[in-house]
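Subject: Structure for your review

Dear colleague,

Please find below the structure I said I would pass on to you. My notes on it come after the sequence and coordinates.

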Amino acid sequence: MAAPTKPLVSDLVSSISSLPANYVRPDCDRPNLSEVTLDYSIPLIDLQGLHGPDHSKVIKEIAEACKYYGFFQVKNHGVPKEVIDKMLSISREFFHLPVSERMKNYSDDPMKMTRLSTSFNVKTEKVSNWRDYLRLHCFPLEDYIHEWPTNPPSFREDVGKYCKNARELALRLLDAISESLGLERDYMNSALGKHGQHLAINFYPPCPQPELTYGLPGHADPNVITILLQDDVPGLQVLKEGKWIAVNPIPYTFIVNLGDQIQVLSNDCYKSVLHRAVVNCSKERISIPTFYCPSPDAVIGPAPQLIDDDHPPLYRNYSYSEYYQKFWNRGLNSETCLDMFKN
Ligand SMILES: O=C(O)CCC(=O)C(=O)O
């Protein structure tokens, strides 16, 4: 079958008034937006205290957020406002380039490191998601930056700066999360081999019938931690005790969530939690998750310090590349990939 001439939702949206059939979810799998909880959100943690007298208090807050939510927001995180502003504006500019310019980066191969694409994995999925995304690998930066778009002209500089800042934050958080589990501070850091980092710039155009589809359906992240930057348009929702909670944007904060690898490394003390993105009929939305990962050859398994007679290892050891391939081949769905690695 020939590839569609306009595969991106961004380029489809101006020519339609109702949702094309391939985006319509069955009745039993729709967002039910009226049932989403707006009364409370995930914890907001001030990282200012992480390197001072409030250190233990912040570590305790992180431990509780990881245990009960698998998600938290952070403020006073050290990433300068200008870096955040430039990242959001260059992302917006990229998605507003003429189609011919954007399509230079297009690929539907999920194993291609740098690619503009749509939905999740168009090669395997039955229903598409109302999302386009640009995926970039970004650590070590010098190995990948030459593959990134050169238009808009400051793209590489602005995004490169953002990636370095996001990595520093990820490393601080990994130290804090290790400590919150009672492990050596650098435990997670050492478990990741040479480390990997990539990001997605998600672009969700306005959708004519948002109640029938998702930007991204419920899923858990396959990596270690995700640091998400979102613009001022709501869309992220997190599952807590069977209910979806809306995580409305707070300017200049980041959302942090634990991925499947922390669930394994922590032997299920901490959970990788389902989340989803919904769309709306009037405003485009941008979200930028930075996925911090083990390197492909890193061997992941429960931390020996967390195992004893009462807490046997719940997972077998495996290489991250094995995990990651299974994640992409299986498609985005709410059944966790973790079951395939259980003891
Ligand atoms: O758009 C969002 O808020 C969530 C994005 C997300 O979960 C993802 O890209 O995996």
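The notes below go from the whole chain to one helix, the glycine after it and the ligand site.

Please bear in mind throughout that this is a predicted model.

The whole chain

The chain contains 9 helices and 14 strands. Its radius of gyration is 19 Å, close to the 20 Å that the globule rule gives for 343 residues, so the chain is as compact as a globular protein of that length. Along the principal axes, the C-alpha trace spans about 60 × 45 × 40 Å. Buried residues account for 41% of the 343 residues. Of the contacts with a separation of 6 or more, 76% are between residues 24 or more positions apart.

Helix α2

Helix α2 covers residues 55-68, and its 14 residues should span 20 Å at 1.5 Å a residue; the C-alpha atoms at its ends are 20 Å apart, which agrees. Which residues of α2 are buried? They are V58, E61, I62, A65 and C66. These residues cover an arc of only 130 degrees around the axis, which puts them on the same side of α2.

The glycine after α2

G70 follows α2 and has a positive phi, near 70 degrees. Its place is in the loop between α2 and β2. Is G70 buried or exposed? With 25 other C-beta atoms within 10 Å, against the 20 or more that the term requires, G70 is buried. Leaving aside residues up to four places away in sequence, G70 touches N257, L258, Y270, K271, S272 and V273. G70 and I262 are 192 residues apart in sequence, yet 9.8 Å apart in space, C-alpha to C-alpha.

The ligand site

The ligand is surrounded by A200, N202, L216, D221, L228, Q230, G235, L236, H275, A277, S287 and P289. Four strands, β5 (196-204), β7 (225-230), β11 (275-277) and β12 (285-293), each supply at least two residues of this shell. By class, the shell has 6 nonpolar, 5 polar and 1 charged residues.

With kind regards

Notes. Residues are numbered from 1 along each chain as its sequence is written. This is a predicted model: local features need pLDDT of at least 70, side-chain atom pairs count only at pLDDT 80 or more; totals for chains, interfaces and linings use all residues. The expected span of a helix is 1.5 Å times one less than its number of residues. A residue is buried if 20 or more other C-beta atoms lie within 10 Å of its own, exposed if 12 or fewer, and partly exposed in between; C-beta atoms are placed from the backbone. The arc is that of the directions from the helix axis to the C-beta atoms. A residue is near a molecule or strand if its C-beta atom, placed from the backbone, lies within 6 Å of it. Ala, Val, Leu, Ile, Met, Phe, Trp, Tyr, Cys and Pro count as nonpolar, Asp, Glu, Lys and Arg as charged, and the others, Gly among them, as polar. Two residues are in contact if their C-beta atoms, placed from the backbone, lie within 7 Å. The radius of gyration is taken over C-alpha atoms; the globule rule is 2.2 Å times the number of residues to the power 0.38.
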